Amino acid sequence: MRVALFITCFNDTLYPDTGKAVVRLLERLGHTVEFPLDQTCCGQMHFNTGYRPEATPLARRFSEVFAGYDAVVSPSASCTGMVRDSHELLTGQRPPRVYELSEFLVDVLGVTDVGAYFPHRVTYHPTCHSLRMLRVGDKPLRLLRAVKGIDLVELPAADSCCGFGGTFALKNAGTSAAMLADKADCVLGTGAEVLSAADNSCLMHIGGGLSRLRSGVRTLHLAEILAATEGDA
(Lines give C-alpha, C1' and ligand atoms only; values in the text may rest on other atoms or scores of the structure.)
Protein backbone atom coordinates (compact mmCIF):
# COMPACT_ATOMS: atom_id res chain seq x y z
CA MET A 1 0.00 0.00 0.00
CA ARG A 2 1.04 3.59 -0.59
CA VAL A 3 0.87 4.95 2.94
CA ALA A 4 1.43 8.50 4.14
CA LEU A 5 2.47 9.40 7.66
CA PHE A 6 0.54 12.26 9.24
CA ILE A 7 2.85 13.02 12.14
CA THR A 8 0.87 15.90 13.78
CA CYS A 9 2.39 19.09 15.20
CA PHE A 10 2.70 17.73 18.72
CA ASN A 11 4.65 14.64 17.74
CA ASP A 12 6.78 16.45 15.18
CA THR A 13 7.82 19.05 17.73
CA LEU A 14 8.06 17.10 20.98
CA TYR A 15 7.96 13.36 20.26
CA PRO A 16 9.69 12.66 16.91
CA ASP A 17 10.63 9.13 18.01
CA THR A 18 6.97 8.18 17.82
CA GLY A 19 6.81 9.03 14.12
CA LYS A 20 10.03 7.12 13.48
CA ALA A 21 8.52 4.13 15.28
CA VAL A 22 5.45 4.19 13.02
CA VAL A 23 7.68 4.13 9.94
CA ARG A 24 9.82 1.26 11.27
CA LEU A 25 6.73 -0.74 12.18
CA LEU A 26 4.92 -0.31 8.87
CA GLU A 27 8.07 -0.95 6.83
CA ARG A 28 8.65 -4.13 8.84
CA LEU A 29 5.16 -5.20 7.80
CA GLY A 30 6.08 -4.67 4.15
CA HIS A 31 4.67 -1.23 3.34
CA THR A 32 6.28 1.86 1.88
CA VAL A 33 5.69 4.94 4.02
CA GLU A 34 5.95 8.46 2.63
CA PHE A 35 6.19 11.66 4.62
CA PRO A 36 4.66 14.60 2.74
CA LEU A 37 6.87 17.55 3.65
CA ASP A 38 4.12 20.07 2.94
CA GLN A 39 1.91 18.85 5.78
CA THR A 40 1.01 21.39 8.45
CA CYS A 41 -1.35 21.62 11.40
CA CYS A 42 -4.71 19.96 10.74
CA GLY A 43 -6.50 22.85 12.47
CA GLN A 44 -7.63 21.06 15.61
CA MET A 45 -6.55 23.83 17.99
CA HIS A 46 -8.54 26.40 16.04
CA PHE A 47 -11.55 24.17 15.49
CA ASN A 48 -11.87 23.10 19.12
CA THR A 49 -11.68 26.64 20.47
CA GLY A 50 -14.28 28.07 18.11
CA TYR A 51 -12.06 29.61 15.41
CA ARG A 52 -13.61 27.67 12.56
CA PRO A 53 -12.92 30.25 9.81
CA GLU A 54 -9.22 30.01 10.71
CA ALA A 55 -9.38 26.20 10.70
CA THR A 56 -10.89 26.02 7.21
CA PRO A 57 -7.73 26.77 5.13
CA LEU A 58 -5.79 24.28 7.24
CA ALA A 59 -8.39 21.57 6.61
CA ARG A 60 -8.29 22.32 2.89
CA ARG A 61 -4.50 22.19 2.81
CA PHE A 62 -4.53 18.87 4.62
CA SER A 63 -6.96 17.46 2.07
CA GLU A 64 -4.74 18.61 -0.80
CA VAL A 65 -1.42 17.43 0.67
CA PHE A 66 -2.66 13.93 1.50
CA ALA A 67 -4.75 13.34 -1.63
CA GLY A 68 -3.94 10.24 -3.65
CA TYR A 69 -2.65 7.96 -0.93
CA ASP A 70 -4.13 4.53 -0.25
CA ALA A 71 -4.15 5.40 3.44
CA VAL A 72 -2.98 8.10 5.80
CA VAL A 73 -1.79 6.82 9.18
CA SER A 74 -1.35 8.90 12.32
CA PRO A 75 -0.07 8.13 15.83
CA SER A 76 -2.70 10.47 17.25
CA ALA A 77 -6.33 9.63 17.93
CA SER A 78 -7.21 13.26 18.60
CA CYS A 79 -5.85 14.61 15.31
CA THR A 80 -7.33 11.67 13.41
CA GLY A 81 -10.69 12.51 14.93
CA MET A 82 -10.28 16.14 13.91
CA VAL A 83 -9.61 15.28 10.28
CA ARG A 84 -12.67 13.04 10.14
CA ASP A 85 -14.76 15.81 11.66
CA SER A 86 -13.45 18.50 9.33
CA HIS A 87 -15.68 17.57 6.40
CA GLU A 88 -18.02 20.42 7.35
CA LEU A 89 -15.17 22.88 6.68
CA LEU A 90 -14.60 21.63 3.15
CA THR A 91 -16.58 22.69 0.11
CA GLY A 92 -16.20 20.41 -2.89
CA GLN A 93 -13.42 18.44 -1.21
CA ARG A 94 -13.42 15.14 0.61
CA PRO A 95 -10.91 14.64 3.42
CA PRO A 96 -8.50 11.74 2.85
CA ARG A 97 -9.16 8.56 4.78
CA VAL A 98 -7.06 8.87 7.89
CA TYR A 99 -6.52 6.02 10.32
CA GLU A 100 -5.26 6.02 13.85
CA LEU A 101 -2.41 3.48 14.02
CA SER A 102 -4.27 0.69 15.85
CA GLU A 103 -7.24 1.02 13.48
CA PHE A 104 -4.96 0.70 10.47
CA LEU A 105 -3.15 -2.34 11.81
CA VAL A 106 -6.22 -4.26 12.96
CA ASP A 107 -8.97 -3.14 10.57
CA VAL A 108 -7.05 -2.49 7.36
CA LEU A 109 -4.03 -4.80 7.53
CA GLY A 110 -5.80 -7.43 9.61
CA VAL A 111 -2.91 -8.01 12.00
CA THR A 112 -2.57 -8.03 15.76
CA ASP A 113 0.82 -9.71 16.13
CA VAL A 114 3.28 -7.28 14.58
CA GLY A 115 6.39 -9.12 15.72
CA ALA A 116 7.11 -6.86 18.67
CA TYR A 117 9.11 -7.74 21.79
CA PHE A 118 8.88 -5.62 24.93
CA PRO A 119 9.77 -7.39 28.21
CA HIS A 120 8.27 -4.90 30.63
CA ARG A 121 5.21 -4.47 32.86
CA VAL A 122 2.87 -2.15 30.95
CA THR A 123 -0.52 -0.59 31.54
CA TYR A 124 -2.60 1.18 28.90
CA HIS A 125 -4.64 4.40 29.13
CA PRO A 126 -7.37 4.67 26.45
CA THR A 127 -7.46 8.37 25.62
CA CYS A 128 -10.80 10.13 25.33
CA HIS A 129 -10.59 10.72 21.58
CA SER A 130 -9.65 7.11 20.86
CA LEU A 131 -12.31 5.77 23.19
CA ARG A 132 -15.23 8.11 22.57
CA MET A 133 -14.66 9.79 19.20
CA LEU A 134 -12.94 7.12 17.12
CA ARG A 135 -14.34 4.19 19.12
CA VAL A 136 -11.26 2.07 18.58
CA GLY A 137 -12.43 -0.25 21.35
CA ASP A 138 -9.94 -2.89 22.40
CA LYS A 139 -7.77 -2.72 19.26
CA PRO A 140 -4.74 -1.22 21.08
CA LEU A 141 -5.05 -3.85 23.81
CA ARG A 142 -5.28 -6.66 21.24
CA LEU A 143 -2.04 -5.40 19.72
CA LEU A 144 -0.34 -5.14 23.10
CA ARG A 145 -1.46 -8.60 24.20
CA ALA A 146 0.33 -10.07 21.18
CA VAL A 147 3.66 -8.42 22.09
CA LYS A 148 6.19 -11.03 23.18
CA GLY A 149 7.60 -10.68 26.69
CA ILE A 150 5.10 -8.05 27.79
CA ASP A 151 3.35 -8.15 31.17
CA LEU A 152 0.17 -6.20 30.38
CA VAL A 153 -1.84 -5.19 33.43
CA GLU A 154 -5.30 -3.63 33.49
CA LEU A 155 -5.56 0.05 34.44
CA PRO A 156 -8.32 0.69 37.00
CA ALA A 157 -10.90 3.29 35.91
CA ALA A 158 -9.20 3.22 32.52
CA ASP A 159 -12.02 5.07 30.75
CA SER A 160 -11.74 8.11 33.04
CA CYS A 161 -10.23 11.23 31.45
CA CYS A 162 -6.72 12.15 32.56
CA GLY A 163 -7.65 15.84 32.73
CA PHE A 164 -5.62 17.14 29.79
CA GLY A 165 -8.12 18.02 27.08
CA GLY A 166 -5.88 20.58 25.38
CA THR A 167 -6.82 24.06 26.60
CA PHE A 168 -9.04 22.50 29.29
CA ALA A 169 -5.93 21.91 31.40
CA LEU A 170 -5.15 25.63 31.21
CA LYS A 171 -8.64 27.05 31.59
CA ASN A 172 -9.64 24.64 34.35
CA ALA A 173 -6.31 23.98 36.02
CA GLY A 174 -7.70 22.95 39.40
CA THR A 175 -10.14 20.42 37.97
CA SER A 176 -7.49 19.13 35.57
CA ALA A 177 -5.00 18.63 38.41
CA ALA A 178 -7.56 16.68 40.45
CA MET A 179 -8.33 14.42 37.50
CA LEU A 180 -4.62 13.91 36.91
CA ALA A 181 -4.09 12.94 40.55
CA ASP A 182 -6.79 10.27 40.28
CA LYS A 183 -5.27 8.92 37.08
CA ALA A 184 -1.78 8.85 38.57
CA ASP A 185 -3.05 6.91 41.59
CA CYS A 186 -4.59 4.33 39.26
CA VAL A 187 -1.37 3.99 37.27
CA LEU A 188 0.75 3.57 40.40
CA GLY A 189 -1.66 0.95 41.71
CA THR A 190 -0.84 -1.33 38.76
CA GLY A 191 2.85 -1.54 39.58
CA ALA A 192 3.59 -0.91 35.91
CA GLU A 193 6.99 0.21 34.67
CA VAL A 194 5.47 1.82 31.57
CA LEU A 195 2.25 3.67 30.82
CA SER A 196 1.21 3.58 27.17
CA ALA A 197 -1.49 5.37 25.15
CA ALA A 198 -2.41 6.35 21.58
CA ASP A 199 -1.84 10.09 22.16
CA ASN A 200 1.38 11.69 23.35
CA SER A 201 -0.54 14.74 24.54
CA CYS A 202 -2.21 12.70 27.27
CA LEU A 203 1.02 10.86 27.99
CA MET A 204 2.78 14.21 28.45
CA HIS A 205 0.13 15.30 30.94
CA ILE A 206 0.12 12.08 32.94
CA GLY A 207 3.88 11.71 32.63
CA GLY A 208 4.36 15.15 34.14
CA GLY A 209 2.29 14.16 37.15
CA LEU A 210 4.12 10.86 37.56
CA SER A 211 7.47 12.63 37.28
CA ARG A 212 6.58 15.12 40.00
CA LEU A 213 5.74 12.16 42.23
CA ARG A 214 9.18 10.66 41.43
CA SER A 215 7.32 7.46 40.63
CA GLY A 216 9.84 6.00 38.20
CA VAL A 217 7.02 5.11 35.79
CA ARG A 218 7.85 6.14 32.23
CA THR A 219 5.42 6.89 29.42
CA LEU A 220 5.72 5.45 25.93
CA HIS A 221 3.47 5.74 22.91
CA LEU A 222 1.82 2.55 21.64
CA ALA A 223 3.76 2.84 18.36
CA GLU A 224 7.11 2.68 20.14
CA ILE A 225 6.19 -0.53 21.96
CA LEU A 226 4.90 -2.12 18.76
CA ALA A 227 8.06 -1.11 16.89
CA ALA A 228 10.35 -2.65 19.52
CA THR A 229 12.04 -5.97 18.70
CA GLU A 230 14.37 -8.36 20.50
CA GLY A 231 17.31 -6.51 19.02
CA ASP A 232 16.23 -3.39 20.91
CA ALA A 233 15.98 -5.08 24.32
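This is a predicted model: local features need pLDDT of at least 70, side-chain atom pairs count only at pLDDT 80 or more; totals for chains, interfaces and linings use all residues.
**Strands**

Strand β1, residues 2–5, takes part in two pairings. With strand β2, residues 32–34, β1 pairs in the parallel sense over three bridges. Within this pairing, R2 stands opposite T32 in β2. With strand β3, residues 71–74, β1 again pairs in the parallel sense, over three bridges. Here A4 stands opposite V72 in β3. As a general point, side chains in a regular strand alternate between the two faces of the sheet.

**Aromatic pairs**

A pair of aromatic rings is described by the distance of the centres and the angle of the planes. The count in this model comes to five aromatic pairs. Two of them are set out below.

| Pair | Centre to centre | Angle between planes | Arrangement |
|---|---|---|---|
| F6 and F66 | 5.9 Å | 65° | edge-to-face |
| Y99 and F104 | 5.8 Å | 50° | tilted |

The pair of F6 and F66 links distant parts of the chain, the two residues being 60 residues apart. F6 lies in the loop between β1 and α1 (9–14), whereas F66 lies in the loop between α4 (52–65) and β3. F6 counts as buried because its relative accessible area is 1%, under the limit of 20%. F66 is likewise buried, with a relative accessible area of 1%. Ring pairs also bring in F62, so that F6, F62 and F66 are linked into a cluster.

**Charges over rings**

Two arginines are placed over aromatic rings. R2, the residue that stands opposite T32, lies over the face of Y69, at 4.2 Å from the ring centre. The charged end of R52 sits over the ring of F47, 4.1 Å from the centre of that ring.

**Residue T190**

T190 is found in helix α10, which comprises residues 173–190. T190 counts as buried because its relative accessibility is 7%, under the limit of 20%. The side chain of T190 reaches the backbone nitrogen of A192 at 3.1 Å. Leaving aside residues up to four places away in sequence, T190 touches R121, T123, V153, E154, L155 and P156.

Notes:
Residues are numbered from 1 along each chain as its sequence is written. Side-chain values use heavy atoms; hydrogens and water are left out. Two strands pair if DSSP finds at least two bridges between them. Helices (H or I, at least four residues) and strands (E, at least two) are DSSP runs, numbered from the N terminus. Buried means under 20% relative accessible area, exposed over 50%, partly exposed in between (1.4 Å probe, protein chains only). A polar contact is a pair of N or O atoms within 3.5 Å; within protein, one must be able to donate a hydrogen and the other to accept it, and residues adjacent in sequence count only if both atoms are side-chain atoms. Contact means heavy atoms within 4.5 Å. Rings of Phe, Tyr and Trp (its six-membered ring) pair if their centres lie within 6.5 Å; planes under 30 degrees apart count as stacked, over 60 as edge-to-face and the rest as tilted. A charge sits over a ring if NZ of Lys or CZ of Arg is within 6 Å of the ring centre and within 35 degrees of the ring normal.
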